[in-house]
Amino acid sequence: MNINERNIKIWSTIGARATLGIAALELAKEIDNLMVLTCDVSTSAGLDRFRKTYPEKYLDLGIAEQNMIGVAAGLASENFNVITTTFAPFQTMRCCEQIKVNIGYMKQKICMVGIASGLALGTFGYTHCCIEDVGVLRSIPGMTIISPADSLETVKALRAAVKSENPSYLRLTGTSNNPIIYNQDYEFKIGKSITLKEGKDITIFCAGSMVHQSLEAAKILETRNVSSKVVNMHTIKPIDKLAIEDSCNSELIVSVEEHNVIGGLGSAIAEHKSSLKKSPKQLFLGIKDTYSKGGNYKFLQEKHRLTPDKIVEDILLHIK
Amino acid sequence: MNTNTSNHIENIKSFTLNVRKNILEMAVAAGAGSAHFGGALSIAEIVSTLFAYQMKVDKKNPNWEERDRFILSKGHACLAYYAALCEIGYIAKEELKTFEKNDTNLLGHPVINRKLGIDFSNGSLGMGLSLGIGVAISSKKKKKNFNVYVIVGDGECNEGSVWEAAMAAPNFKLDNLYVIIDKNNFQQTGSNKEIMSVENLKDKWSSFGWHTVELDGHNIQELCNFFSNSKKIAKPKAVIANTIKGKGFSFSENNNDWHHSVLSKSFHEKALKELMEK
């Protein structure tokens, strides 16, 4: 895949969803046994070109997510390399038990992609938002969960997940005109977090759309004499334990996620942190276990205090 | 196997007799743990016809690429499945005695184990037909000729996911996919009529686009005829197999107390005696 400045800009403009389609097109060129399965969302998932270019590698199951996972598992059992995709709530919870039995228990290797996760579809209401997917899937043994920070990371994460031996879930957040985190190629490794900014006072762990917000928050914190380390925890499972251990010299650990504060990135960090002899306090930023009234993406990020300003305000309340 | 010799019916009958013997052996070995007895006995002839006659299997290689695939969607009936796998030599007689024991390969619902010829884990109802669709599509994409056989329970047809799959198979023109619906008229806590009516199954499957036939699921000749007559029909095939839950033993036939029950030594002896008299 041609990773250059121009493409990175294009992918950022079209957003992670449409970039998914481009990334799948590239993978189809090199992976003979690739299959992409959807549930009547080809256009939403940027797969229209894929559908037309590789009809033999594409299956639309209609609006039937439970069946999609079963069919995907049947194909995977015959050594097809399968990607499934639909909107995040339907990709994860509508077919949750099929995921447990077929992908978890039976270990069929499938890469699931949940599009428009988090709060992006807030005007549609919480049927279409997804603040529970990480919590739900994290409890299924053997499942890798990745939340890419921008469109380039979506490309790299999809490739890594499809080429991995393990089943996985890619959680795509954000909309079109996604901020660019990576403006050139870099090494992406499942399970290995990336420190985007060094800092000595606090450590901010973030994933997906919250990486940009956290970097912006860190800039503001610098003006308040708070030095923040910002870590892109793109893989939520398996969590990068070493990165958590390395952050224990900080005065405060902050987790920032566009997800319920129960069960997501913050919980994954806390689970490991609680096993360490000495570790700092953790501030959980995210959706506080509630279904709020809906609204557009920006409105909901403000409401749930996930904008740089609000992140800064909350952090400052928790440091000396 | 499909040897199509004149005595194939007798061969299948003898296979079925051994399947029932194996079922008894496992059920008694389960002891106080009890076993899903009734729903295994209702599919004994169906499983035997598949494994002893209809399906392509290689007795020496459970993973033979060209083999027909089998999915027991009503996974709780695994006594019949394990019994048949034992008869074709994939599961040793001794191993049957480990049924539902700690650390066994033979739990109360099938767990994927390619060495034993178990291609999928099942147990949660309503999932097997979707798997079958994926496998049937694979057969076509890989330009193979294998068929896929899925056994679904009538109670299982309460699950909405069965109908998602029922809708999809004709859409993908999967003429290599067979579903056998074990219509024994009971589910866990009562008859279908009492719990959730699944009447007119033939009309239902047929209206979804399946070539659908209703037959006596204990009549081996009828089962064989169906498979040979439907080979060239360019649709997925559904069999509504009218069966008797607990078939084979006077105490268990049509007695839903034997859905999941303990086979005591005295019942075991009674059952063996009845089997020998047939």
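**Close-up views of a predicted two-chain model**

View 1. Contact means that the C-beta atoms of two residues, placed from the backbone, lie within 7 Å. Helices (H or I, at least four residues) and strands (E, at least two) are DSSP runs, numbered from the N terminus. Ala, Val, Leu, Ile, Met, Phe, Trp, Tyr, Cys and Pro count as nonpolar; Asp, Glu, Lys and Arg count as charged; the others, Gly among them, count as polar.

Residues are numbered from 1 along each chain as its sequence is written, and chains are lettered from A and ligands numbered from 1 in the order in which they are written. Local features need pLDDT of at least 70, side-chain atom pairs count only at pLDDT 80 or more, and totals for chains, interfaces and linings use all residues.

**View 2. Where chain A meets chain B.** Each chain brings 18 residues to the contact. On the chain A side, α3 (65-77) and α5 (96-105) each supply at least two residues. The most come from α3(A), with 9 residues. By class, the chain A side holds 10 nonpolar, 6 polar and 2 charged residues.

View 3. Strand β6(A) covers residues 168-171. A:Ser168 and A:Leu170 on one side are buried, as are A:Tyr169 and A:Arg171 on the other. Buried means 20 or more other C-beta atoms within 10 Å of a residue's own, with C-beta atoms placed from the backbone. Strand β4 (residues 110-115) runs parallel to β6(A), joined by 4 bridges. Here A:Val113 stands opposite A:Leu170. β5(A) also runs parallel to β6(A), with 3 bridges. A:Thr144 stands opposite A:Ser168.

**View 4. Around B:Trp205.** B:Trp205 sits in helix α9 (residues 201-207) of chain B. This residue counts as buried because it has 26 C-beta neighbours inside 10 Å. Leaving out residues up to four places away in sequence, B:Trp205 touches B:Ala166, B:Trp210, B:Thr212 and B:Ala238. B:Lys237 is 32 residues apart from B:Trp205 along the chain, with 9.2 Å between their C-alpha atoms.

Technical notes:
A residue is buried if 20 or more other C-beta atoms lie within 10 Å of its own, exposed if 12 or fewer, and partly exposed in between; C-beta atoms are placed from the backbone. Two strands pair if DSSP finds at least two bridges between them.
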